[in-house]
Amino acid sequence: MIDEEKAFTVCPKCLGRDVSWDLSKESYAGGRIFNQKICNNCGFTSLLFPELTEREYDKLLKQKK
Ligand SMILES: [Zn+2]
């Protein structure tokens with residue numbers, strides 16, 4: 001059974017769900033660690049990745065088609 005209310009991180013570019021923390025040097029600046037994430041599918045990086053529930057994700061996928 002899928003928990004429809006559980007949110008997960010989605011890449012806004014390719015809608016991939018394979019998103020992890022970007023631990024490359026670029027995510028460190030001025031001694032501060034930015035919580036940057038990277039999409040392992042298309043390589044898109046951003047500080048802000050949308051979090052969607054199954055229901056919202058489903059809706060988005062249908063809109064993209
Ligand atoms: Zn992506």
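Student: A nonpolar core is a set of buried Ala, Val, Leu, Ile, Met, Phe, Trp, Tyr and Cys residues joined through side-chain atoms within 4.5 Å. Which residues make up the largest one here?

Tutor: Phe8, Val10, Leu15, Leu52 and Tyr57, 5 residues in all. Buried means under 20% relative accessible area, exposed over 50%, and partly exposed in between, with a 1.4 Å probe and protein chains only. This is a predicted model, with residues numbered from 1 along each chain as its sequence is written. Local features need pLDDT of at least 70, side-chain atom pairs count only at pLDDT 80 or more, totals for chains, interfaces and linings use all residues, and side-chain values use heavy atoms without hydrogens or water.

Student: OK. What does Leu52 touch?

Tutor: Leaving out residues up to four places away in sequence, Leu52 touches Lys6, Ala7, Phe8, Val10, Tyr57 and Leu60. A contact is heavy atoms within 4.5 Å.

Student: Phe8 and Tyr57 again. How do their rings sit?

Tutor: Edge-to-face, at 5.4 Å centre to centre and 75° between the planes. Rings pair if their centres lie within 6.5 Å; planes under 30 degrees apart are stacked, over 60 edge-to-face, the rest tilted. Phe8 is in strand E1 (residues 7-9) and Tyr57 in helix H1 (residues 54-64), so this pair ties together parts 49 residues apart in sequence. Both Phe8 and Tyr57 are buried.

Student: How many aromatic pairs are there?

Tutor: The structure has 2. Phe44 and Phe49 form an edge-to-face pair too, with 5.6 Å between centres and 70° between planes.

Student: What sits over the ring of Phe8?

Tutor: The charged end of Arg17, 3.8 Å from the ring centre. For that label, NZ of Lys or CZ of Arg must be within 6 Å of the centre and within 35 degrees of the ring normal. Lys37 lies over the face of Trp21 as well, at 4.6 Å from the ring centre.

Student: Changing topic. How many helices and strands does the chain have?

Tutor: There are 1 helix and 7 strands, and from the N terminus on they run β-β-β-β-β-β-β-α. Helices (H or I, at least four residues) and strands (E, at least two) are DSSP runs.

Student: Which strands form the open sheet?

Tutor: There are 3, in the order E2-E5-E6, and the pairing is antiparallel. Strands E2 (19-21) and E6 (45-46) are the edges, each pairing on one side only. Strands pair if DSSP finds at least two bridges between them, and 2 bridges join E5 (residues 37-39) to E6. Ile38 has Thr45 in E6 as its bridge partner.

Student: What about Ser46, buried or exposed?

Tutor: Ser46 lies in strand E6 and is buried, at 16% relative accessible area. Apart from residues up to four places away in sequence, Ser46 touches Gln36 and Lys37.

Student: And Lys6, where is that?

Tutor: Lys6 is in the segment before E1 and is exposed, at 56% relative accessible area. Beyond its neighbours within four places in sequence, Lys6 contacts Leu52, Thr53 and Glu54. Lys6 and Arg55 are 49 residues apart in sequence, yet 9.2 Å apart from C-alpha to C-alpha.

Student: What share of the chain is buried?

Tutor: Buried residues are 28% of the 65 residues. Of the contacts with a separation of 6 or more, 51% are between residues 24 or more positions apart.

How values were computed:
Rings of Phe, Tyr and Trp (its six-membered ring) pair if their centres lie within 6.5 Å; planes under 30 degrees apart count as stacked, over 60 as edge-to-face and the rest as tilted.
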